Amino acid sequence: MRCSNCGVCCTETEMLLSKKDIKRLEKIGFSKNLFVVFDKHGYAQLRNREGYCFFYDRLNHQCSVYVERPSGCRVYPVILDEDKGIILDSICESGKSITQSEKNLKGKRVIRLLEIIDSEALERCK
Ligand code: SF4
């Protein structure tokens, strides 16, 4: 898939984070308090800053932590819709360039990732 760097997916992000994502970003020097928000159900997600993901570089229109970006950002625009299952997020223009095999592969990753994120959120609420 070819990303056009439009930044739509990094605007008002609700991207969920796994513990592994948080650790990876802490390792490159970011304090968790800066980039993570927890909701009342124990889910960790990326913090927004002035309407964009904390890590979005508005000047250069790119992710400032691209190499270490969260797993959910890596599998995007493949997402899980509660009613439809694995789909391509319709707000992503570049989604059209994704192949069926890439979608299938990313779909499996999305399911695995959400299982991990769900169990971590549950653990936090105990
Ligand atoms: S981490 Fe990077 S790719 Fe993911 S939402 Fe933030 S700016 Fe976008």
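Predicted model: local features only at pLDDT ≥ 70, side-chain atom pairs only at ≥ 80, totals over all residues.
How many bridges join strand 8 (residues 78–81) to strand 9 (residues 85–88)?

View A. Four bridges join strand 8 to strand 9, and the two strands run antiparallel. Together strand 8 and strand 9 form a hairpin, with three residues between them. Asp81 has Gly85, in strand 9, as its bridge partner. Pro77 belongs to the loop between helix 3 and strand 8, and the peptide bond that joins Tyr76 to Pro77 is cis, with omega at about 10 degrees.

View B. Two bridges hold the antiparallel pairing of strand 1 with strand 3 (residues 44–46), and Leu17 stands opposite Ala44 of strand 3.

View C. The ligand sits in the largest pocket.

**View D. The salt bridge between Glu68 and Arg24.** Among the five salt bridges that the structure holds is one in which the side chains of Glu68 and Arg24 meet, at 3.7 Å from N to O. Glu68 lies in the loop between strand 7 (62–63) and helix 3 (71–75), whereas Arg24 lies in helix 1 (residues 19–27), so this pair ties together parts that are 44 residues apart in sequence. Glu68 has a relative accessible area of 24% and is therefore partly exposed.

**View E. The salt bridge between Lys106 and Glu102 within helix 4.** Lys106 forms a salt bridge with Glu102, and their closest N and O atoms are 3.3 Å apart. Both residues lie in helix 4 (residues 100–124), where Lys106 and Glu102 are four residues apart, about one turn of the helix. Lys106 has a relative accessible area of 10% and is therefore buried, whereas Glu102, at 21% relative accessibility, counts as partly exposed.

View F. The side chains of Lys126 and Glu123 meet in a salt bridge at 3.5 Å, N to O. Lys126 counts as exposed because its relative accessibility is 75%, while Glu123, with a relative accessible area of 47%, is partly exposed.

View G. Asn5 lies in the segment before strand 1, and its phi is near 55 degrees, a positive value in a residue other than glycine. His61, in the loop between strand 6 (56–57) and strand 7, likewise has a positive phi near 55 degrees although it is a residue other than glycine. Asn5 counts as partly exposed at 45% relative accessibility, and His61 counts as partly exposed at 46%.

How values were computed. Residues numbered from 1 in each chain as written. Heavy atoms only, no water. 1 Å grid on protein atoms, 1.4 Å probe; cavity = no way out; pocket = protein on both sides within 12 Å on 5 of 7 lines; lining within 4 Å. Sits in = over half its atoms within 2 Å of the grid points. Pairing = 2+ DSSP bridges. Salt bridge = Lys/Arg side-chain N within 4 Å of Asp/Glu carboxyl O. Buried < 20%, exposed > 50% of the residue type's maximum accessible area, 1.4 Å probe, protein only.
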